[in-house]
Amino acid sequence: MKKKFLEKFHNLKNDLKIEGITKRWIINIIGVIFVFLVVVFLSASFAIKTFYYNSVESILNSGASVTAVNYFSTNLDSGTSLESSAAQFIDNYAYKDKTTVWIINNDGDVVASSNGFTEHNTEMPDYNEAIKNEKGTGRYVGKVYKGGDKVMAVTRVIQNANGTNVGAVRIMTSIEQIDAQIRTIIFVMFLGLLVVFAIIIFSNLFFIRSIIIPVREITDTTKAISGGNLDARIEKKYDDEIGDLCDSINSMASEISAADKMKNDFISTISHELRTPLTSIKGWGETLAYSQDEERDELTTRGLQVIVKEAGRLEGFVEELLDFSRLQSGRMTLRLAKTDIFAELDETVFTFRERAMREGIEVRYSIPDFPAPANADANRLKQVFMNILDNALKYSRAPSKIFVKAEFSKLDGNDAIKISIADQGCGISKEDLPHVMDKFYKANVSVRGSGIGLAVTSEIINLHKGKLEIDSEEGKGTLVTIYLPVDSAPTKKEIDQSEPKSDEVTDEDISLKGNNFNE
């Protein structure tokens, strides 16, 4: 039973982290309750102690009453000595079994005592108070002797008919048992308040738990939905406002999922419908543009070339849409085969270089003179390389450089290659950088593109179990780093003894230091 309770408490403690609503609840509600219970405890403790002490003082005052003083005054006036009157008073005193009576003379000496012992030179704060007080009374709570019991003492001054002080009556009693009883009552009251506080805490914790956990589940589910998991749903546990909120979010997610499916179906359908006529337009355009026709004027030839170029661009855009549709529906797959990744990169850079030169951009390229064998999809890898190079070109201004460096590396402790592509373009702001791989996100709307190229690129690299990193600095340029696993890699000694296939590209070239597209 105890083990189950502790397990439930541990689970409750884990569910309720001291933050957010729980933190505010503890500070505002539990804090107020705690302060209230502390005030109640202190007030009740003071009231109990005051009640018991007043009861004891009442008994003592009855012994040192005005009547007792008058008794001594009458005897003194009739000629009876203080000592004789004291003996008679003590014999007739009703509470001598519970209290101690001292009769004190003007010198402060005890001339008679109900316990049979007389005291001299004893400190009596209540006596000193009484002889200085206009009322002639004094009260003391403390120890008469060092190491002795704690007592309460009450003293009243005795005066003769002329109003002259002739002595005092002092009544004392031990309050050790009274204090013990008070401590017991206060301890029991403390335990009671502690139990009450614990009940309040646990009852409120379970109530807060019934709010915090569903809210946390709602938060996690909405994050999953916003992250693209449109199948995420919230389990409805309570038939109240939180339950209604769960129903609303689930309904919203269903509508978003339906709309997203409709969008993806539309994109897939329209992309397929556009691909066929575009292929025909591009094919016939190329046939006409490059056919030998001496009667065709220069304007017509240039127009046909524009048609071919723009049809090719539209065809690329349609292919991106198709890839995006496959990505959204989870139908993007790889056709894996033994592939030399460096060979595919080399071919892509060779094709891209001429296009970059036409736009005034120099491409510098360094690759090891070794194969990089891997089980990969060659066409998809070429698509990745071309997408990144195309982005580097789009965001660069002539004259500037694009650096491509390939080398062997490690990924999660296994053999891999590292491909770095750096440009001297305008760069990406810190605000835009975290979102550049989001679907349809464009950091620079003035540059052509659909905004889905990097999203598709990232997915292709993930399918190859690789990693894509992007670093950029506004006004300096952008560095894209690709890690792809390979079957095997040469030793460091073999790499050091080899020569790169093309231009030597240093680590400083592919860093953002010193790059400036204005230079």
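Hi everyone. Before I start, one definition: a cavity here is a set of grid points where a 1.4 Å probe fits but cannot get out. Keep that in mind, as I'll come to the cavity search in a moment.

The protein chain has a mean pLDDT of 79, with 85% of its residues at 70 or more. There is a stretch to be careful with: residues 12-16 have pLDDT below 50, although the model gives this stretch 13 contacts beyond near neighbours in sequence. Where pLDDT is low, the predicted coordinates should not be read in detail.

Now, the cavity. How many cavities of 30 Å³ or more does a search of the whole structure find? The search finds one, and about 50 Å³ of space lies in the largest cavity. Two elements, α6 (176-226) and α7 (241-289), each give two or more residues to its lining. If you'd like to pick out the lining on screen, look for Pro214, Glu217, Ile218, Ile234, Glu235, Lys236, Lys237, Tyr238, Ile242, Gly243 and Cys246.

Where is Glu235 found? It sits in the loop between α6 and α7. Glu235 counts as exposed, because its relative accessibility is 57% and the cut-off for exposed is over 50%.

On to the aromatics. The whole structure holds four aromatic pairs. One of them joins Phe41 and Phe190, and this pair is edge-to-face, with 5.7 Å centre to centre and 65° between the planes. Phe41 belongs to helix α2 (residues 20-63) and Phe190 to helix α6, so the pair ties together parts 149 residues apart in sequence. Is Phe190 buried, exposed or partly exposed? Phe190 is partly exposed, at a relative accessible area of 37%.

My last stop is Thr457, in helix α11 (residues 453-463). Thr457 has 0% relative accessibility and counts as buried, since buried means under 20%. What is Thr457 in contact with, leaving aside its neighbours within four places in sequence? The contacts are Val384, Asn387, Ile388 and Leu468.

How values were computed
Residues numbered from 1 in each chain as written. Predicted model: local features only at pLDDT ≥ 70, side-chain atom pairs only at ≥ 80, totals over all residues. Heavy atoms only, no water. pLDDT = per-residue confidence, 0-100. Contact = heavy atoms within 4.5 Å. 1 Å grid on protein atoms, 1.4 Å probe; cavity = no way out; pocket = protein on both sides within 12 Å on 5 of 7 lines; lining within 4 Å. Points joined across faces, edges and corners; volume = space filled by probe spheres on them. Helix = DSSP H or I, 4+ residues; strand = E, 2+ residues; numbered from the N terminus. Phe/Tyr/Trp six-rings, centres within 6.5 Å; stacked < 30°, edge-to-face > 60°. Buried < 20%, exposed > 50% of the residue type's maximum accessible area, 1.4 Å probe, protein only.
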